[in-house]
Amino acid sequence: MGQPYIVFYGLSTCMWCKKTKAFLDGKGVKYNCVFVNELTGEEREKVMDLVEKLNPDLSFPTVKIGDKVIVGYNVDKIEEALKSAE
Amino acid sequence: MPSDAEINDTISRLKREGAKGGYNLNPNTEDLKIIIDGYLVNEKRYGYPSCPCRVASGDLLKDRDIVCPCDYRDADVSEHGACYCSLYVDDDIAAGKKQPHSIPERRGKQKKAVASTSAQEIGNMPEGSITFLVKTNIWRCTVCGYLCAKDEPPPKCPICGVKKDRFELVVKVG
């Protein structure tokens, strides 16, 4: 089975988002990166609604790995989600 | 992009201001610079330094609670040792005994501190009565008498500098 579909939702100004992104980069996995605070207008609304459905706190980073959602900089949970999706 | 000089100046200022109230900044210089970089980007973008780890709307009235220092700092420092973006940390983390970590979002879960009481309602309150509009506990510094309407007292009395354990609860809500 190939790599699961991964989306990273973060803020370009946030340290925990930077650490999470660096961790994903270090793992060498492919992912889509969305910096929500850089979006405007309708696009931003749409993405915010999407993130809120994944994580009702609407907090960042929110990472979707396959069908798992990891909130915050949580290396263990990201590792686990990557493994279980292999 | 904020310059190194701007970042360093801001760190010095926040360190100075924080020390007055007994607040420590994150001791990891590299992390601290990243946090302040985000803080300054937001300050330039919105006109106020909203929390770098939260989405600002750009409308100050909606963002007021997340303008740094945010309304949630004290509660998060008490419970988790650091505020949400980990700019402010407790003594253990400042001393390097513990590490800050990514914590859950408190915003939206904390009750509003002050009831939204209309001017008319306030006008209808009988004279001479005492009405508490705050919905939080009130703490009193036993050393200098400073009163603080928060669920938890601050880490250090901002007036006389004594530690949190010298506060007593004078009004308990809920």
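Predicted model: local features only at pLDDT ≥ 70, side-chain atom pairs only at ≥ 80, totals over all residues.

Colleague: In what order do the 3 strands of the open sheet in chain B lie?

Modeller: The edge strands of chain B are S4 (147–149) and S5 (167–171), each of which pairs on one side only. The pairing in this sheet is antiparallel, and neighbouring strands are turned by 30° against each other on average, direction ignored. The order is S4-S3-S5.

Colleague: Which residue is the bridge partner of B:Cys141 in S5(B)?

Modeller: Strand S3 of chain B covers residues 138–141 and runs antiparallel to S5(B), to which 4 bridges join it. In S5(B), the partner of B:Cys141 is B:Phe167.

Colleague: Are H1(B) and H2(B) roughly parallel or roughly perpendicular to each other?

Modeller: Helix H1 (residues 4–21) and helix H2 (residues 29–46) of chain B pack with their axes 9 Å apart, at an angle of about 100°. Angles of 65 to 115 degrees count as roughly perpendicular. The two helices, H1(B) and H2(B), are therefore roughly perpendicular.

Colleague: How many nonpolar residues does the contact of H1(B) with H2(B) include?

Modeller: From H1(B), B:Glu6, B:Ile7, B:Thr10 and B:Ile11 take part, and they meet residues of H2(B) including B:Leu32, B:Ile36 and B:Leu40. Of the residues in this contact, 3 are charged, 1 is polar and the nonpolar ones number 6.

Conventions. Residues numbered from 1 in each chain as written. Chains lettered and ligands numbered in written order. Pairing = 2+ DSSP bridges. Axes fitted to C-alpha atoms, helices over the stretch in contact; angles between N-to-C directions. Parallel < 35°, antiparallel > 145°, perpendicular 65-115°, else oblique. Contact = placed C-beta atoms within 7 Å. Nonpolar A, V, L, I, M, F, W, Y, C, P; charged D, E, K, R; others polar.
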